[in-house]
Amino acid sequence: MRARFFSFSSFAILLSILPAPSFAAAAEKPNIVVILVDDMGFSDIGCYGGEIKTPNLDKLASGGVRFTQFHNTARCCPTRAALMTGLYPHEAGVGHMTEEHVDANGKVLPGYSGRLNDKCVTIAEVLKEAGYFTAMTGKWHLGQNHGVTPTGRGFDRALNAASGGFYFDDSASTEVFLNGKSLGRTNDPLPKHWYSTDLWTDYGLKFVDEARAAKKPFFLYVAHNAPHFPLQAPAEDIARWRGKYKIGWDALRQARYERQIQMGLIDKSWPLSPRLDVVPSWDSLTPAQQDRYDNIMAIYAAVVEHMDKAVGTLVEGLKERGVLDNTLILFMSDNGGNYESGVPGRLEGANPGDAHSTVYVGQCWATLNNTPFVRYKHFTDEGGIATPLIAHWPKEIASARNGKLEPQPGHVVDIMATCIDVGGAKYPKTFNGKDITPLEGVSLRPAFAGKPLNRANPIFWEHEGNRAVLDGDYKLVALSDKPWRLYNVVKDRTEQHDLAGEAPERAKALAAKWDAYAARANVLPLGGWRAAEPNGGKKDRNFSKETHFALKQGDHLDRAHAPAIAGKAITVTAKFEASEQQGVIVAQGGSSRGYSLYLQDGKLNFLVRELGETATISTREAISGPHTAIARLEADGKMSLVLDGKSIGTAKAPGLIGAMPVDGLEVGADKAGQVGAYGADNEYHGKIESVVVELGKANEGTPNR
């Protein structure tokens with residue numbers, strides 16, 4: 001007995017001097033919260049120059065570090081893929097959205113599979129191996145339509161939307177999933193009435209409580225659908241902002257720009273990028289138009305303000321639980337402000353902003369969202385890819401760094417590497433028996449302390465043919481099918497002085513680096529996102545096979561029955577009576593791509609739009625009486641307009657229509673997403689005798705999509 005007692009005592013003494021058991025070590029690991037918002041511009045929140053009241057985010061910024069040159073991928077799904085995996089989106093299989101695209105032989109294109117592939121790992125999968133409790137709430141959008149769910153990719157708990165598109169329990173497309181199981185709208189354990197921004201936060205804290213009960217550090221990913229369309233918010237939130245935006249986007253943009261300079265976010269030598277030509281000046285609008293636009297932006301501001309309130313609820317919940325000090329919080333947006341729906345934006349429904357309405361912020365207000373930069377979501381100019389990044393971690397970020405600005409460039413591919421560093425995890429070479437693509441990003445942790453990141457490689461982008469590479473002080477960027485432009489982003493972050501002609505060798509060298517990236521990272525074939533879908537891609541192969549359409553006033557053809565114009569030469573012949581000053585004779589497409597023949601101020605216009613870029617031919621003078629107009633878009637991109645046998649002019653289009661527009665064709669109006677900048681009141685009240693649309697041969701290599 002004595003010997004046995006001695007042995008037990010010795011063991012107890014030995015335990016007392018050994019390192020603490022793994023569960024105690026795990027408890028000391030930092031918690032990590034990643035907050036991603038949807039379609040929010042660089043300048044919308046207060047601490048990045050915005051007038052929208054965001055006191056909770058401002059408080060995080062004052063107690064942490066703001067990055068001034070952080071980037072996303074220009075679009076929602078690709079950003080989520082890059083953030084979750086630490087890879088460029090094409091490497092993870094999500095180079096575009098969540099449709100699967102195949103080559104001519106029916107083989108899935110690796111960069112465009114529409115879901116996370118088995119050559120990547122998620123932050124949740126990596127941190128779970130390091131002892132973390134992993135949870136997410138909000139918008140997933142990484143292939144749930146293909147069976148790729150949060151719980152299938154490493155999350156212990158998930159309350160999520162497959163792809164967003166709703167705010168209220170009774171919104172049109174509402175469906176919520178708990179741990180992979182559909183709860184519909186309000187099935188148990190959901191409350192009977194809820195607002196998504198609050199629901200994601202409340203469940204995030206529930207999952208934190210589960211992690212604490214399990215005595216594990218937690219990784220919580222909160223992916224808000226705010227402020228993505230259809231913009232919806234409680235009526236009382238909207239009312240607080242109504243009327244405040246009648247100052248207009250021009251004055252507000254200037255005010256944001258000046259605040260950004262005062263804050264040190266931007267250099268005073270960088271000029272404010274001018275409005276694109278298609279965006280009208282605020283003073284040119286009628287009072288009724290200004291009131292409509294004010295309503296749109298009031299709803300947007302309400303959505304952002306409510307999101308900030310939810311951030312405050314989350315932070316206060318972490319504080320009440322005693323875990324805030326040792327929790328790293330990272331806040332960012334998935335892309336720049338969204339110009340979809342074009343100049344008019346959308347304000348539809350009996351009570352705009354409620355669960356049954358459809359509101360898009362539109363191109364004019366997106367120009368404000370992205371102050372001081374140019375362009376929008378979809379594009380790799382700074383307006384499309386610049387995002388706030390706030391890092392808050394009281395235990396690690398020294399108080400001397402509180403409120404500081406960090407100018408080193410970063411990208412969402414860096415979030416995985418940062419979480420691995422902070423969580424003491426290891427990025428695997430293989431996972432579930434599959435080889436894993438090497439990590440692309442670098443840890444941002446040194447930058448929290450103001451130390452260099454020592455990034456070895458350039459940062460790359462590609463989305464819908466828009467492309468860019470950032471290497472040191474220089475950025476090379478191009479629109480789809482357009483030449484490269486070169487900027488020194490230290491001297492010219494707003495991309496106003498193209499250096500490509502002055503430094504052709506530098507541009508050539510950066511282009512070569514981009515080509516090498518595209519070849520290795522599944523970006524090729526460029527335009528793979530337009531390729532066919534498997535099993536016929538039902539929604540695409542049902543397009544009309546006709547090449548000749550004889551139409552009359554009032555005709556409307558939906559997408560399936562409209563001319564299949566992707567990659568085609570187009571000829572439009574219209575016979576009409578010009579008895580009105582305004583109105584659309586015929587239009588097909590919407591705010592992203594399409595064509596329109598219309599009268600504005602009595603002048604006849606032929607406009608072609610491709611990915612937001614436009615070209616227009618117009619008569620010099622107003623016209624009246626009966627006319628025959630022939631508008632052509634030829635296979636080489638040349639546009640022409642002939643009126644009564646006389647040439648009005650020619651122009652170079654931004655390109656052929658690259659994919660089948662979502663919106664259909666209308667004769668006598670353009671009531672869906674507008675192709676041109678003529679506003680929603682565009683019905684043609686004069687007589688249209690006939691419209692004939694004829695299609696030429698498809699441009700080789702441009703799929704009909």
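Trainee: What makes the place of P230 a loop between β7 and α8?

Mentor: P230 lies between strand β7 (218-223) and helix α8 (235-241), and these elements are DSSP runs numbered from the N terminus, with helices being H or I over at least four residues and strands being E over at least two. This is a predicted model, in which local features need pLDDT of at least 70, side-chain atom pairs count only at pLDDT 80 or more, and totals for chains, interfaces and linings use all residues. Residues are numbered from 1 along each chain as its sequence is written, while side-chain values use heavy atoms, with hydrogens and water left out.

Trainee: How do you know that the peptide bond joining F229 and P230 is cis?

Mentor: Omega of the bond that joins F229 and P230 is about 0 degrees, and the bond is cis. A cis peptide bond, also with omega about 0 degrees, joins L524 and P525, and P525 sits in the loop between α15 (504-520) and α16 (538-541).

Trainee: Why is H378 called buried?

Mentor: Buried means under 20% relative accessible area, exposed means over 50%, and partly exposed is in between, with a 1.4 Å probe and protein chains only. H378 has 4% relative accessibility, and therefore counts as buried. In the loop between α11 (362-369) and α12 (382-385), H378 has a positive phi, near 95 degrees, although this residue is other than glycine.

Trainee: Why does D644 count as partly exposed?

Mentor: The relative accessibility of D644 is 42%, so D644 counts as partly exposed. D644, which is not a glycine, has a positive phi of about 55 degrees and is found in the loop between β28 (638-643) and β29 (646-652).
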